[in-house]
Amino acid sequence: MRQQEMIQKAIELGRRTGSVTFGQLNELLPASTIEPKDVEAVMQALSDEGINVVEDDQA
């Protein structure tokens, strides 16, 4: 999956509730195929959209 696709999917997921969990991100961004720069880009995009990343039990 390309970086832009990952960002778009994460934003779509977060827009529903205003947050995403680390667990949801782990499912969306498989560690075997993602690079640190991709994680940084996704986290920045979520922040820019006002979407919080929260622990799994706080969602």
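Q: Which residues does L46 touch, not counting residues up to four places away in sequence?
A: This is a predicted model, in which local features need pLDDT of at least 70, side-chain atom pairs count only at pLDDT 80 or more, and totals for chains, interfaces and linings use all residues. Residues are numbered from 1 along each chain as its sequence is written, and side-chain values use heavy atoms, with hydrogens and water left out. With contact meaning heavy atoms within 4.5 Å, L46 touches A10, I11, V20, L25, I51 and V53.

Q: Is L46 buried or exposed?
A: Buried means under 20% relative accessible area, exposed over 50%, and partly exposed in between (1.4 Å probe, protein chains only). L46 lies in helix α3. Because its relative accessible area is 0%, L46 counts as buried.

Q: How far apart are the end C-alpha atoms of helix α3?
A: Helices are DSSP runs (H or I, at least four residues), and strands are runs of E (at least two), numbered from the N terminus. The expected span is 1.5 Å times one less than the number of residues. For the 13 residues of α3 (residues 36–48) this gives 18 Å, in agreement with the distance between the end C-alpha atoms, 18 Å.

Q: Which elements do the buried residues of α3 pack against?
A: In α3, the buried residues are D38, A41, V42, A45 and L46. Seen down the helix axis, they fall within an arc of 130° (taken from the directions from the axis to the C-beta atoms), so they line one face. These residues pack against α1 (3–17), β1 (19–21), α2 (22–28) and β2 (52–54).
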